[in-house]
Amino acid sequence: MNIWVAGARPRTLPAAVVPVAVGTACAVGEVPGGLIWWRAAAAMVVALALQVATNYANDYSDGIRGTDADDKRVGPVRLVGQGLAKPSSVKKAALASFAVAGLVGTALALAVGPELFVVGAAAIAAGWFYTGGPKPYGYAGLGEAFVFVFFGVVATAGSTYVQTGSLTALGLAASVPVGLLATALLVVNNLRDIPGDTEVGKRTLAVRLGDLRTRYLYTAMMVAAIALVPFVSGLSGRPIGSLALLAVFIGRKPVVEVLSGARGPALIPVLAETGKTQLVFGVLFTIGLSIIL
């Protein structure tokens with residue numbers, strides 16, 4: 001695999017795709033004349049660009065701090081930490097990705113409203129300062145809050161907003177299970193990295209909670225995301241949204257592996273399985289919420 005593709009961490013991309021798809025589905029039937037497809041496509045580009053930019057920024061910032069040194073970490077490719085790319089090149093890749101998000105987001109803001117400029121600026125800042133800057137909030141255990149807010153609430157409810165021009169109860173409700181699954185990706189990632197993060201002083205939420213409680217947190221997020229589906233479907237009056245309950249058959253495997261004590265490299269496929277669960281959940285939820293009986 002090309003190192004730049006690997007550095008973009010494609011296994012995390014469902015966290016960007018799913019909220020936009022689900023949020024757009026929540027707007028079905030709410031837009032006179034039907035969905036505005038170019039806005040949906042633009043929202044998807046913005047979400048993907050922000051995800052890739054954050055991944056590159058994380059690689060760059062952790063790399064120059066020395067917290068991604070090859071002898072301290074397991075998991076996906078680290079371009080800077082493993083010496084595969086110059087720090088300046090990775091930084092440029094991050095800034096270029098943020099620029100794509102900013103340019104496409106500008107088109108949305110001009111069409112929808114200036115409030116999107118504020119949301120976009122906040123998302124870009126959150127992506128950079130996750131591990132960047134003098135006091136990265138990811139090192140203080142706040143990364144999960146960022147993911148839930150921006151790849152859950154903002155991306156999902158925001159994708160509904162760019163279609164309808166308003167925040168809807170359905171968009172906000174649907175953002176909760178979507179956000180929980182996106183956050184579960186980060187939780188299991190940080191669970192894997194507890195030993196290395198502890199050694200270099202990176203106080204992620206997983207480090208603060210410890211191994212066992214982090215496993216319980218991951219499990220609770222996965223279970224709660226599925227359990228909330230009937231509530232959201234009932235709120236929407238779109239019962240076929242409960243089709244997303246079938247994702248439990250995919251999500252069972254990573255949960256069992258986490259509760260069984262998988263650690264280190266054994267958690268790498270768990271991250272992929274969690275992403276697969278979110279993607280299957282998102283496809284089923286999108287289909288179900290798109291059908292109004």
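## Helix 4

The buried residues of helix 4 are V90, A93, A94, S97, F98, A101, L108 and A109, where buried means under 20% relative accessible area, exposed over 50% and partly exposed in between, with a 1.4 Å probe and protein chains only. Helices here are DSSP runs of H or I with at least four residues, numbered from the N terminus. Among the elements that cover these buried residues are helix 1 (3-7), helix 3 (37-65), helix 5 (115-129) and helix 6 (143-164).

The model is predicted: local features need pLDDT of at least 70, side-chain atom pairs count only at pLDDT 80 or more, and totals for chains, interfaces and linings use all residues. Residues are numbered from 1 along each chain as its sequence is written, and side-chain values use heavy atoms, with hydrogens and water left out.

Helix 4 covers residues 87-112, which is 26 residues. From its first C-alpha to its last it reaches 37 Å, close to the 38 Å expected at 1.5 Å a residue; the expected span is 1.5 Å times one less than the number of residues.

## The nonpolar core

The largest nonpolar core has 75 residues, and V22, Y56, Y218, F281 and F285 have the most contacts inside it. Helix 7 (residues 169-192) gives the most to this core, with 13 residues. Such a core is a set of buried Ala, Val, Leu, Ile, Met, Phe, Trp, Tyr and Cys residues joined through side-chain atoms within 4.5 Å.

Leaving aside neighbours within four places in sequence, F281 is in contact (heavy atoms within 4.5 Å) with P177, V178, L181, A225, I226, V229, A244 and A247.

## T214 in helix 10

T214 is found in helix 10 (residues 211-227) and is buried, with a relative accessible area of 1%. Its side chain reaches the backbone oxygen of G210 at 2.7 Å. A polar atom of the T214 side chain also lies 3.3 Å from the backbone oxygen of A206.

Not counting residues up to four places away in sequence, T214 touches V187, L191, I194, A206 and L209.

## R9 in a loop

R9 lies in the loop between helix 1 and helix 2 (14-26). Although R9 is not a glycine, it has a positive phi of about 55 degrees. R9 counts as buried because its relative accessibility is 13%.

Definitions and conventions. Helices (H or I, at least four residues) and strands (E, at least two) are DSSP runs, numbered from the N terminus. A polar contact is a pair of N or O atoms within 3.5 Å; within protein, one must be able to donate a hydrogen and the other to accept it, and residues adjacent in sequence count only if both atoms are side-chain atoms.
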